[in-house]
Amino acid sequence: MLLNQSSHALANRLSKALEGLEISVRVYCALAKAVDSELTQGQLAEAAWMDKTTMVVTLDEMERRGLAERKLSPIDRRVRVIAVTDAGRSVLIEADTVVQRVYDEVLEGVGERDREACLAVLSRLVAGPPAAPFQLEKPVRRRAQRGGV
């Protein structure tokens, strides 16, 4: 529960901080994962931990803003890869600074050794069991929205 709560709080802070650059956390993540790679849309979705539908919407936004483009793969012309544009690289450089500032603010009271230990544990978690696909026994139920709410 603590990981979930801290993740939610950090995501909210990052969203607010990135508003000035007019990008979402999803766009930032996709840019960061795609910047030095030639990933397909599916590969980028997996690397950024997004479902395919969310990735399509995110890439559409990135293309509309001129931050990235879908290009034919130089290896396999049947496949399109995501290429970050110069404008996307420029936004990513600014966003990296913003994101690092947020991380520094959030971790201000945490000593260097504890930061390193925390990052090491989180890295192991992300690469370990939480990264493995799983099937929910019982789907999560959402409350139906009331009319007009």
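1. In helix H2, Arg26, Val27, Ala30 and Leu31 are in contact with Thr54, Val57, Thr58, Glu61 and Met62 of helix H4. Sorted by class, this contact holds five nonpolar, two polar and two charged residues. The model is a predicted one.

2. H2 covers residues 25–34 and H4 covers residues 52–64. Their axes come within 10 Å and cross at roughly 85°. Angles of 65 to 115 degrees count as roughly perpendicular, so H2 is roughly perpendicular to H4.

3. On the overall layout, the chain contains six helices and two strands. Read from the N terminus, the order of elements is α-α-α-α-β-β-α-α.

4. The chain has 149 residues, of which 25% are buried. Among contacts in the chain with a separation of 6 or more, 53% are between residues 24 or more positions apart.

5. The largest pocket has a volume of about 1,700 Å³. Its lining comprises 33 residues, and those nearest the centre of the pocket are Ser7, Leu10, Tyr103, Leu122 and Val126.

6. Which helices each supply at least two residues of that lining? They are H1 (2–18), H2, H5 (86–106) and H6 (112–127).

7. By class, the lining of the largest pocket has 25 nonpolar, three polar and five charged residues.

Conventions:
Residues numbered from 1 in each chain as written. Predicted model: local features only at pLDDT ≥ 70, side-chain atom pairs only at ≥ 80, totals over all residues. Heavy atoms only, no water. Axes fitted to C-alpha atoms, helices over the stretch in contact; angles between N-to-C directions. Helix = DSSP H or I, 4+ residues; strand = E, 2+ residues; numbered from the N terminus. Parallel < 35°, antiparallel > 145°, perpendicular 65-115°, else oblique. Contact = heavy atoms within 4.5 Å. Nonpolar A, V, L, I, M, F, W, Y, C, P; charged D, E, K, R; others polar. 1 Å grid on protein atoms, 1.4 Å probe; cavity = no way out; pocket = protein on both sides within 12 Å on 5 of 7 lines; lining within 4 Å. Points joined across faces, edges and corners; volume = space filled by probe spheres on them. Buried < 20%, exposed > 50% of the residue type's maximum accessible area, 1.4 Å probe, protein only.
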